[in-house]
Amino acid sequence: MRTYGCQMNVHDSERLSGLLEDAGYVRAAEDSTADVVVFNTCAVRENADNRLYGNLGHLRPVKDAHPGMQIAVGGCLAQKDRGEIVRRAPWVDVVFGTHNIGSLPTLLERARVQREAQVEIEESLQTFPSTLPTRRESAYAAWVAISVGCNNTCTFCIVPALRGKEKDRRPGDILAEVRALVAEGAVEVTLLGQNVNAYGSEFGDRQAFSKLLRACGEVEGLERVRFTSPHPRDFTDDVIEAMAETPNVMPQLHMPLQSGSSRLLKSMRRSYRQERFLGIVENVRRAMPDAAITTDIIVGFPGETEEDFQETLHVVREARFAAAFTFQYSKRPGTPAATMEGQLPKAVVQERYERLVALQEEISWAENRALIGREVEVLVAEGEGRKDGARARMSGRAPDNRLVHFATTAPGGGPAEGEGPRPGDMVTVGVTGAAPHHLVADSGIRAVRRTRAGDAWAARNGSAPQQPGVLLGMPRIGAPAPEPAPAGGCNAG
């Protein structure tokens, strides 16, 4: 399973894996050639097409050497390109869209029997993804989709055309899923939506999202609640109050800015202006002084002047984001922005982008250095620190979602007492160092709190291996690793 794009795609991929495993497939081993390869694609950025077709080209000789191998392409790019994918890559067996991910096992079987490609794209949602089987990648943290689709008309974004109008789940269904996840061992859930805080618009309750946050606070055993990505237009005071007053809602907010220029925000059809955005930041900080705020920013939107760009830099300085996902504007066919006048030269966009990144790195580093000496509780993660093994460290996330790399020794450098922490456990550490994108805690673990989530991780990793069957996965073909996922679905530019 190769996933590109936002957290909604990650969530969908867990459902696709669950569907296939429910149908009898098993995950391919790292060093094996898979019988089924599934690409869950993104269409947000301009190079999405090139990445997909490049990877499909890499796979052609692999498939030629392994008769019976199947390749499926789904997600936003599949919804957009449809039959074009099979025309350009006739060795693809299945193309399915964002609205019918539940059809994948049937389409694979049909392609196998009929010996021809199956292209099935629906125009509206057939089954809400969260009702499908799932294979969660994490034993301790889970995604919970509360809505799909988007009612906004941002001129740069193609996702609403591919995901459709917003569809909201009923609160009872969401909470039932959250409770079930907690019963399985999860201690953290992230509520997902293309425009997550517009939740409730379909059934006419403007405070439905804040009510949902408070209801999550009453779920016994749920220690951390996050959400992504909200829209500033819908970010109301009741949401801020619910965040501040609900202990298990984390002091973290990802809120896309896109541009600091009110003139450009109007051109983008973003229904807020600079003053409104900074006002939300001020209100959040007043209610939660330690909240970490992150954002998305697009550089080089059509018509952007140096004055517009300076307005963006001004907001970055004022807001002091913990981090920013920065993007160079990508022209997407089918969006109003693609045909706007004032498309900027690549060199201009690149130079502005580098200035923005340098400023944000400086701010992120300063904000992280301010935390040195502070004690934080970290939810131990799996696979977050690429150099952990070499440096005798583990990694995890602080309540504000900052990444923390910590030494596994006791304070003073000696061996820690008792059993070491497992992914899903909580550790208390003291921050000793900082970099722009992470914190370091090298003074040792001050306390370990073993959790049901750690137990769930241990049970998952200690279970007997499954018997070989039809393999599902991505073979080692030398394709590049996916870029970091945009943090905010269609808001990610």
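I take buried to mean under 20% relative accessible area, exposed over 50%, and partly exposed in between, with a 1.4 Å probe and protein chains only. The model is predicted, so I keep to its limits: local features need pLDDT of at least 70, side-chain atom pairs count only at pLDDT 80 or more, and totals for chains, interfaces and linings use all residues. Residues are numbered from 1 along each chain as its sequence is written, and side-chain values use heavy atoms, with hydrogens and water left out.

**Entry 1: Thr312 and helix H12**

I looked up Thr312 and found its place in helix H12, residues 306-319. Helices (H or I, at least four residues) and strands (E, at least two) are DSSP runs, numbered from the N terminus. Thr312 has a relative accessible area of 2% and is therefore buried. Contact, for me, means heavy atoms within 4.5 Å. Leaving aside neighbours within four places in sequence, I list Ser259, Gly260, Ser261 and Ile297 as the contacts of Thr312.

**Entry 2: H12 against H13**

I then checked H12 against helix H13, residues 346-369. Their axes come within 10 Å and cross at roughly 10°. The axes are lines fitted to C-alpha atoms, for helices over the stretch in contact, and angles run from 0 to 180 degrees between N-to-C directions. From H12, Glu306, Phe309, Gln310, Leu313, Val316 and Arg317 meet Arg352, Arg355, Leu356, Leu359, Gln360 and Ile363 of H13.

**Entry 3: Asn248**

Next I located Asn248 in the loop between helix H9 (237-245) and strand S12 (252-254). Its relative accessibility is 7%, so I count Asn248 as buried. A polar atom of the Asn248 side chain lies 3.2 Å from the backbone oxygen of Cys216. Beyond neighbours within four places in sequence, Asn248 is in contact with Cys216, Gly217, Leu222, Glu223, Arg224 and Val225.

**Entry 4: the annotated cysteines**

I took one feature from UniProt: an unreviewed entry places "binding site" at Cys150, Cys154 and Cys157. UniProt positions are given in the numbering used here, feature names are shortened, and annotations may be inferred rather than shown by experiment. I find Cys150 in the loop between strand S8 (147-148) and helix H6 (159-163). Cys157 lies in the loop between S8 and H6. Cys150 counts as buried because its relative accessibility is 4%. For Cys157 I note a relative accessible area of 12%, so Cys157 is buried.

Terms used:
A polar contact is a pair of N or O atoms within 3.5 Å; within protein, one must be able to donate a hydrogen and the other to accept it, and residues adjacent in sequence count only if both atoms are side-chain atoms.
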